[in-house]
Amino acid sequence: MCTGSFALVAAGLLRGKRATSHWASLGLLERFGVTPTAQRVVHDGNVVTGAGVTSGMDFALSLAAEVFNPDVAKRVQLAIEYDPSPPFDAGSPERPEADAAHVEQTIEAMRELRGLLVDRAVDRLSQREIR
């Protein structure tokens, strides 16, 4: 989920692929040659990435459907009573109750917090590719 996409980048598994992450970090994937995709779960070839923490359930169920079949995934969904009905409609930046100013502040804070680390990682990965 979310930060795991950056681990996959570091392992060289996402270059040229579509991937997702938490909305506040999603744009940082572009620096690694990844196509950021604002979806809860993204399948691209043999790699699957997930958005924020709550997308983990969607991620797991989609893998269960792929590895086994949709009927098995549906039985698992029923068994764990995964029937989301959030109390608010503010769970992603696109939702009507999401605070747009807070979204922008959070994205900017993430760029500041992770930006230098991302830049260093991009440089190191580039050096590895040159060798």
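# Exercises on a predicted structure

A search of the whole structure, which is a predicted model, finds 1 aromatic pair.

## Exercise 1. The aromatic pair

Identify the two rings of the aromatic pair, classify their arrangement, and explain which parts of the chain they tie together.

**Solution.** 

Step 1. The partners are Phe6 and Phe32, with ring centres 6.1 Å apart and 70 degrees between the planes.

Step 2. Planes over 60 degrees apart count as edge-to-face. The pair of Phe6 and Phe32 is therefore edge-to-face.

Step 3. Phe6 belongs to helix H1 (residues 4-10), whereas Phe32 lies in the loop between strand E1 (18-19) and strand E2 (35-36). The pair therefore ties together parts that are 26 residues apart in sequence.

Step 4. A residue is buried if its relative accessible area is under 20%. Phe6 has 14% relative accessibility, so Phe6 counts as buried. Phe32 has a relative accessible area of 7% and is likewise buried.

## Exercise 2. The surroundings of Ser21

Locate Ser21, determine whether Ser21 is buried or exposed, and describe what its side chain reaches.

**Solution.** 

Step 1. Ser21 is found in the loop between E1 and E2.

Step 2. The relative accessible area of Ser21 is 3%, so this residue is buried.

Step 3. The side chain of Ser21 reaches the backbone oxygen of Cys2, at a distance of 3.0 Å.

Step 4. Neighbours within four places in sequence are now left aside; the contacts of Ser21 then include Cys2, Phe6, Leu29 and Gly50. Phe6 is also a member of the aromatic pair in Exercise 1.

## Exercise 3. Helix H2

Compare the span of H2 with the expected value, and find what its buried residues pack against.

**Solution.** 

Step 1. H2 comprises residues 55-67, 13 residues in total. From first C-alpha to last, H2 reaches 18 Å, close to the 18 Å expected at 1.5 Å a residue.

Step 2. The buried residues of H2 are Ser55, Phe59, Leu61 and Ala64.

Step 3. These buried residues pack against strand E3 (41-44), strand E4 (47-50) and helix H3 (70-79).

Key
Residues are numbered from 1 along each chain as its sequence is written. This is a predicted model: local features need pLDDT of at least 70, side-chain atom pairs count only at pLDDT 80 or more; totals for chains, interfaces and linings use all residues. Side-chain values use heavy atoms; hydrogens and water are left out. Helices (H or I, at least four residues) and strands (E, at least two) are DSSP runs, numbered from the N terminus. The expected span of a helix is 1.5 Å times one less than its number of residues. Buried means under 20% relative accessible area, exposed over 50%, partly exposed in between (1.4 Å probe, protein chains only). Contact means heavy atoms within 4.5 Å. Rings of Phe, Tyr and Trp (its six-membered ring) pair if their centres lie within 6.5 Å; planes under 30 degrees apart count as stacked, over 60 as edge-to-face and the rest as tilted. A polar contact is a pair of N or O atoms within 3.5 Å; within protein, one must be able to donate a hydrogen and the other to accept it, and residues adjacent in sequence count only if both atoms are side-chain atoms.
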